[in-house]
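Please open the structure in your viewer and keep the selection tool at hand.

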Amino acid sequence: EAARDTGGRAICQNVTLRCRNRAQAYAAIVVAGTPVFERVIFEGGALVLGAATNPTFSRCAIRGARGAGCKVTDHGCFDMFDACVVEKNGSYALCLERHGSARVDVATAMRVRGSADGAHEAVLQTPDSPGVAVFGVGDEDLKNVDDARTWLSARTRRLAPGAETQTYLHGEAVEGKWMEACGIEHWSPDAIGYDG
């Protein structure tokens, strides 16, 4: 309760944030400001959204989300460093959509893992997203930046523009499935009363 609604530059340290039940998708939702999460365990995902949003995660663990571990959307951005761990979530560790972006350090990049069952990559990225930038902090990190970028890039799924992205963002066209089930092969949205 003390970490909730504390302002745009809040600092949250040494706590565990968890979803109360499986109906909640995120243990934390950040919609504005530059809050700092330090040594926080997220038992459930984190959602970052909005152009004025840029939280920092330092030495955090994000596990047990129903979907993505950390989802960033609507021009949001986050920084994750000091060996944060994002693993054992329902789908992707990081999901970047609708111009969402992220910056992670070398130690964190190597600790971003897909779903526990191995069915999902570490990162899902829509075509409009700039993706994940990997940076180094010290001399030792700077030597390993290219390796970390290569490792993370190999575990990133980039959605194709068009139908694949639209289906991901909006789901299957329910009307189309229903029309197909009724045996109607050729149909248009105009035929079923859409205004356009």
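Does Arg157 count as buried, partly exposed or exposed, and at what relative accessibility? Select Arg157: because its relative accessibility is 29%, Arg157 counts as partly exposed, where buried means under 20% relative accessible area, exposed means over 50% and partly exposed lies in between, computed with a 1.4 Å probe and with protein chains only. Before going further, note that this is a predicted model in which local features need pLDDT of at least 70 and side-chain atom pairs count only at pLDDT 80 or more, while totals for chains, interfaces and linings use all residues. Residues are numbered from 1 along each chain as its sequence is written, and side-chain values use heavy atoms, with hydrogens and water left out.

Staying with Arg157, colour strand β16 (residues 156-158), in which this residue lies; strands (E, at least two residues) and helices (H or I, at least four residues) are DSSP runs numbered from the N terminus. If neighbours within four places in sequence are left aside, the contacts of Arg157 are Tyr92, Glu121, Val123, Leu124, Gln125 and Glu164, a contact being heavy atoms within 4.5 Å.

Now move to the sheet. Select β1, β4, β7, β10, β13 and β15, which in this order form an open sheet of six strands with parallel pairing; two strands pair if DSSP finds at least two bridges between them. At the edges are β1 (11-13) and β15, each of which pairs on one side only. From one strand to the next, the twist averages 15 degrees, with axes taken as lines fitted to C-alpha atoms (for helices over the stretch in contact) and angles running from 0 to 180 degrees between N-to-C directions.

Within this sheet, zoom in on β7 (residues 56-58), which pairs with β10 in the parallel sense over three bridges, and find Thr56, whose bridge partner in β10 is Asp79. Strand β10 (residues 77-81) also pairs with β13, in the parallel sense and over four bridges, and here Phe78 stands opposite Ala102 of β13. Strand β13 (residues 101-105) is mostly covered, with four of its five residues buried. Beyond it, β13 and β15 (residues 131-135) pair in the parallel sense over five bridges, with Arg103 opposite Ala133 in β15.

Another stop in the sheet is Glu38, in strand β4 (residues 36-38), which counts as buried because its relative accessibility is 18%. Leaving aside neighbours within four places in sequence, show Cys12, Gln13, Asn14, Ser58, Arg59 and Cys60, with which Glu38 is in contact.

Cys70 is in no disulfide, and the nearest cysteine sulfur, that of Cys95, is 9.5 Å away; at 0% relative accessibility, Cys70 counts as buried. Cys84 is likewise in no disulfide, with the nearest cysteine sulfur, that of Cys60, 4.7 Å away, and Cys84 counts as buried at 1% relative accessibility.

Finally, display the whole chain, which has four helices and 16 strands, and in which 40% of the 196 residues count as buried.

Methods:
A disulfide is a pair of cysteine sulfur atoms within 2.5 Å.
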